[in-house]
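Dear colleague,

I am handing over the structure below, and after it you will find notes on what turned up in it. Please read them with the structure open.

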Amino acid sequence: MKPQITNQILFSFLLFTFVFLLEANATTRYVSKTGSSSPPYTSWITASDSIQKCINICQSGDTVYVANGVYKEKIVMIPGLSLIGSGMDSCIIDTQELVTPTDFYAITFKDSCNFCGFQVIVSNAAYGTGVLGINILSNNSKFTQNHIRNASTGMLLSNINFSISENQFSNTNLSISFDCFTYGYFPVIDNNIILYPSSMGIFDFSGCQPTITNNIIYLNYQYSSGLDVIVKTPLTANNIVIAEDNVLRGYTFTLDGNVRNNLLLGHDILDSYGAFHFRYGNYQVINNLVMNTSHGASVYQNNTFDFKYNNLWNVTDPYIGFIPDSTNLSVDPMIVSEDSGDVHLQMHSPMIDAGDPQILDADGSRSDIGAYGGPLGKLYEYLDLPPHSPRGIISAIDSGLVSVSWKKNTEADFFRYRVYRDTTKGFVIDSTKLIAEIIDTVFEESISNRQNILYYKITAVDSQGNESAGSEEITVVISDVNEPIIITEDYHLYPNYPNPFNSTTRIGYRIKGTSYVKLIVYDVKGEIIRVLTNETKESGYYEEVFSAESGSASGRDAYRLSSGIYIYRLYVRNSDNTPIYSASGKMLYIK
């Protein structure tokens, strides 16, 4: 035993000596467009004018600081190098003039590197790869606080252990793709923002065991997915996928996984697999939230499937291939704002302290269901907000009785409705206009026999006395007693709200009969920013959500959508394709 111990001590001493000498010989170098570009680039005054020129004289352990500017060059790292930019907003690596349609990599990442603080613009035609990383074995390797734009693939990785955190990806086909030859690799993908990939946000081609936490992925393409084919994940938790349009998939897992406190909010899932799909292996699926979509959770040939304390709300087909137990919910989660994608819970949400009692929140209390619950969630103040404004207002007439109805509110703390009426169009709600407080979703009153025009608005009130904003205004036209009594619901484009807006705004409109409807947002130059609807609709009231982060019809990403005035215009045609109504409004976007 003694010779073995002696050898271990000798090895440890030699390893310590090697690391010490390596660190002692490490050099700090600088890159700047204003330096004299004099080797060895060890001051800002003598800084290199090229990042790669500086890297070429570096050794493992060196650190290179890069000043603000645009650097039109490809970067090939060396092992053990730290490359630190001055920030993703102002330190830019631009390869648009260099990119080729195939086998192009803007950044070649090496083992034991740190790459931080850059914006990488790969292409102006969605060619190329932002970052290539192969055989990154050290878990000290870090790629953090960068922005990858305009690439076919944001990061293409193979056999990796390193950390990818606090980055942003926009205008990519596939944002993060990794594969490994064995399951002995453990990459960490944490706290990234992925904006509107046309294919997949995070894709595990094969192998490895990724930990995927606290990422936010926005989708708005019909063939896009959030997390796809995630294999043997020891933990996928606290991720948010927001689908602003119909998409292909939300989350797909293969060969085991611990899936906890994730969320999907959005439109229909076109793949019948569902928002969460699990195939082969053993899974723990706990404290997740799925809302406002077509397909919920599905399973395929699993060995064990522990599906508990999840909430699937407003899902057409919630459970596919299995029957859930009674720990799972289907209740309004009462998030702060569906429109803006703020998925924090309100004060009286039924998901607070409703998660798995064996899992605790960061404050030590029983876990919440949803993206901010569990030990990797965050502490925040629950806001006591008013209910949603009543929606889907319909009016009718029967035997001299006016009836106004609407959709039922679903908040856990909902208490009652208030009905307001006036004879002035666009009236302001106050106590003098209040005519009823009811629990039901139908209000009826007898009308007088004189000609009149009445305007109605409805509000919702919760148990704490918080009152919502008024509903859309309903117009009721009452004719003379000798003539039929009619209700007029004409074509109308309503002002967007809120206005000005920071992230999202809603645009409401009413159509009188079955019509072909287009609602388009333009910039002040007349360029189409986004087509919000383009389809045949039945009569009724509708709202469309415009997100300033959704890009434009011409392919501009959110980064280029600037503050300013935008125009929205409604076009309505009848069944003969004849224009019958058009109107426009202005809205102010403030970043």
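Leaving aside its neighbours within four places in sequence, which residues is Thr211 in contact with? They are Pro187, Val188, Ile189, Pro234 and Leu235, where contact means heavy atoms within 4.5 Å. Thr211 lies in strand 18, residues 211-213, and its C-alpha atom is separated by 6.2 Å from that of Ile189, which is 22 residues apart from Thr211 along the chain.

Before going further, please note that this is a predicted model, in which local features need pLDDT of at least 70 and side-chain atom pairs count only at pLDDT 80 or more, while totals for chains, interfaces and linings use all residues. Residues are numbered from 1 along each chain as its sequence is written, and side-chain values use heavy atoms, with hydrogens and water left out.

Strands here are DSSP runs (E, at least two residues), numbered from the N terminus, and two of them pair if DSSP finds at least two bridges between them. Three strands make up an open sheet in the order 38-39-42, with antiparallel pairing. Strand 38 (492-493) and strand 42 (540-547) stand at the edges with a single partner strand each, so one side of each is left without a neighbour in the sheet. Strand 38 pairs with strand 39 (residues 504-511) over two bridges in the antiparallel sense, and the bridge partner of Leu493 in strand 39 is Tyr509.

Finally, Tyr183 is placed in the loop between strand 14 (168-179) and strand 15 (188-190). At 36% relative accessibility, Tyr183 counts as partly exposed, that is, between the limits for buried (under 20% relative accessible area) and exposed (over 50%), with a 1.4 Å probe and protein chains only.

Best regards

Notes. Helices (H or I, at least four residues) and strands (E, at least two) are DSSP runs, numbered from the N terminus.
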